[in-house]
Structures are given as C-alpha cells and as structure tokens.
Amino acid sequence: MRIGVFATVYQKLSFEEMLDRAQAAGVSAVEIGSGGLVGHPHCPVDELLASESRRKAYRQAVESRGLIISALSCHGNPVHPNREMARGFDADIRKSIQLAQQLEVPVVITFSGCPGGSPQDTISNWITCPWPPEFTEALKYQWDEVAIPYWTEMNRFAAAHGVKLALEMHPGMLVYNVETMLRLRRAAGDAIGCNFDPSHLFWNGVDPVAAIRALGDVIYHVHGKDVYVDPLNVKVNGCNDNKPYARLLERSWSFRTIGYGHDTKVWKDIMSALRLVGYDYVVSIEHEDMVMSGDEGLRKGIAALKEVAMFEPVGEMWWD
C-alpha cells in the first residue's frame, strides 16, 4: 500500500513546486485535481489532451521524483438540475477520463451528483427521509429518470477508455453511503466503484470497517481523512449540521487530520479491513483540518499512516 496526498493542499503552488513538496514530505503518490469543484491548478487538461509531448513531460516530472499519479479528481454534480452547470461538470469528467487513459492513471474520482426533486427544479434536492410522500416520489424521479440513465452511459464511456470511476460517498449527493453506492453500481455497471473516505461516514454513525467489508472490491481508491464528532453538540442537535466549517466549537463534527478524530486502533482496524478485502493501492491524505496548516496536517497524517498501515506483501506462512 502507498501513502499519497491530494494535491489541493498545495493549491497555490505551481505543478513542479507541488511535486517537490510531496516528494519532500515522503509520499509516493499524488492525486491531482482535473476540474469540477476543486479546479485544476496543477493539471492543464486541454493542453495535455492536445499534446503527446506535453503529456510525456508531465509524466516525467512526476516519475522523476519517484511518484505516481494515483487518480485524477474531478468532483462535481453532472446531474445538476441547472443544465448549463451539469454540462460543465459532465465535460470535466469526460475530459478527465480521456486524460487518465492517456496518462495511464487508472482512476478518476468524482461525485454521483444530486438532481433536483422534479424536472422543474433549479437546485439540487438531497432527500434523507421518505415522508411526506412527495419525498419518495422525488427520490424515484432522481434515481430512475436522472441518475441511473446518466451513470449507465458514463459507465460505458469510462469502460471504453479503460478507466475506473470512483464515486466519493458524500453528504448532499445521491450516493452518500454503502447502500446507495451499491445500488448505483448494480444499475449502471462495474466501471463504477467508490473512493472510500471514512471522514464522510464517521459522523453519520457508519462503522468504516463494516462499510469496507460490505464494499469489498468496489473500493477503487481511498482518502485518508478523519473527523472529530463533538459529543456535546451531537447531544443537543444530532449529527446533521449545515453550519460553516469554520465554526468548530459549534459544529457537531469537523474534519481532522488522521488520529485527531479517532485513535490509532480505529485506523489500524480500517487498514486491516482494507487489506482483508484485497485493497492494495493508495491511501491519499486529504487535508481539510482547519486547526492545522497544510504542512503540519500532512506530516502528522503521514506519521499516523506509517504507524497503522501495512506496506510489505504478505509472505508464505509455515502452514501454507
């Protein structure tokens, strides 16, 4: 297993500077934004698609530092009820898939997106309960008329380019837990799997180990990010929380660096579960901890992963 970093932590640096910082930090993989909500400061997508020599130089810059690109990340909402926005996100995902194929990057990470509740809506509608009855009717519309047709076609597009799509299970999106992840995959096809980020599951009461066991080989990529669930605020308001992330003392949960939300035993169990289901790729540290700088969060995240992750292949046992 490799330790990587999601390059958004170095958003303000140039491509080469980002790679130098990643190499100096001691990771061996970088996940690079290629559009959508995270943008693409380190990935001139159109230029790279247009030029083989540009792609060769781009890969050489990565590989000369002993790094790989674990994934291109293009988080967005391609089923947004605003058709212009949806077209933009869709174009970003398709370009990311095409570029991933040409750069020999196996995975593109994105969101399932979230449609409106009806064809007349102009903003997304995340539905989390079945009543009043129009909620259930809206869910049926979202799945049957929008998401499944869209992702079935996108699954074909990704498969034709030999690229896996890793959807991040995220609040506010149609795919936000194991059940919804597996439902979309069954309906749309197996080029679609998940980017497993436990930070989006902890606060909703999910046991990441149980989720990993249920997902198995549906996990195509992993994010290393923790969450602190504030027990006092949860006792008052529960876990659903739409206050700004900066209001840390008031929120029910907040993103933290690995080890600052859950102890190393929890993370050892997560890493062991990943190995048990056969995952042996990259754990990409995503820094969104508002208590720490990017450099400090990355250093502490790497140190924590080195303690809990397993990097050597399993050898033969005496009983084999």
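In which direction, left-handed or right-handed, does H5 pass H6? The tour comes to that crossing after a look at the whole chain. The model is a predicted one.

**The whole chain**

Start with the protein chain in cartoon view. Its secondary structure comes to 11 helices and 10 strands. The C-alpha atoms fill a box of roughly 55 × 50 × 50 Å along the principal axes. For 320 residues, a compact globule would have a radius of gyration near 20 Å, and the chain, at 19 Å, agrees with that. Buried residues account for 51% of the 320. Of the contacts between residues at least 6 apart in sequence, 77% join residues at least 24 apart.

**Helices H5 and H6**

Select residues 133-160 for H5 and residues 178-188 for H6. The crossing is right-handed. The two axes come within 8 Å and cross at roughly 65°. On the H5 side, show Trp143, Asp144, Ala147, Ile148, Trp151, Thr152 and Asn155; on the H6 side, show Thr180, Arg183, Leu184, Ala187 and Ala188. These residues make the contact. By class, 7 of them are nonpolar, 3 polar and 2 charged.

Now centre on Arg183, in helix H6. Leaving aside residues up to four places away in sequence, Arg183 touches Trp143 and Asp144. Is Arg183 buried, partly exposed or exposed? Its relative accessible area is 37%, so Arg183 counts as partly exposed. For a sense of scale, draw a distance from Arg183 to Ser51: the C-alpha atoms are 38 Å apart, and the two residues are 132 apart in sequence.

**Helices H6 and H8**

Val178, Met181 and Leu182 of H6 meet Ala211, Ala214 and Leu215 of H8. The residues of this contact are 6 nonpolar, with no polar and no charged ones.

**Helices H10 and H11**

Move on to residues 264-276 for H10 and residues 294-308 for H11. How close do the axes of H10 and H11 come, and at what angle do they cross? They come within 9 Å and cross at roughly 65°. The crossing of H10 and H11 is right-handed. From H10, display Thr264, Trp267, Lys268 and Met271, and from H11, Leu305, Glu307 and Val308; these make the contact. They divide into 4 nonpolar, 1 polar and 2 charged residues.

Select Val291, in the loop between strand E10 (282-285) and H11. Val291 has a relative accessible area of 51%, so Val291 is exposed; the cut-off for exposed is over 50%. Val291 touches Leu248 and Arg256, not counting residues up to four places away in sequence. A C-alpha to C-alpha distance from Val291 to Ser254 reads 9.8 Å, for residues 37 apart along the chain.

Pro119 is exposed, with a relative accessibility of 59%. Its C-alpha atom is separated by 35 Å from that of Asp217, 98 residues away along the chain.

Pro132 lies in the loop between strand E4 (107-110) and helix H5.

**The loop between H4 and E4**

The last stop is Glu104, in the loop between helix H4 (83-103) and E4. Glu104 has a phi near 60°, a positive value in a residue other than glycine. Most residues other than glycine have a negative phi, and most peptide bonds are trans. Show the surface at Glu104 as well: the residue is exposed, with a relative accessible area of 60%.

Conventions
Residues are numbered from 1 along each chain as its sequence is written. This is a predicted model: local features need pLDDT of at least 70, side-chain atom pairs count only at pLDDT 80 or more; totals for chains, interfaces and linings use all residues. Side-chain values use heavy atoms; hydrogens and water are left out. Helices (H or I, at least four residues) and strands (E, at least two) are DSSP runs, numbered from the N terminus. Buried means under 20% relative accessible area, exposed over 50%, partly exposed in between (1.4 Å probe, protein chains only). Axes are lines fitted to C-alpha atoms, for helices over the stretch in contact, and angles run from 0 to 180 degrees between N-to-C directions. A crossing is left-handed if the near helix is turned anticlockwise from the far one by less than a right angle, and right-handed if clockwise. Contact means heavy atoms within 4.5 Å. Ala, Val, Leu, Ile, Met, Phe, Trp, Tyr, Cys and Pro count as nonpolar, Asp, Glu, Lys and Arg as charged, and the others, Gly among them, as polar. The radius of gyration is taken over C-alpha atoms; the globule rule is 2.2 Å times the number of residues to the power 0.38.
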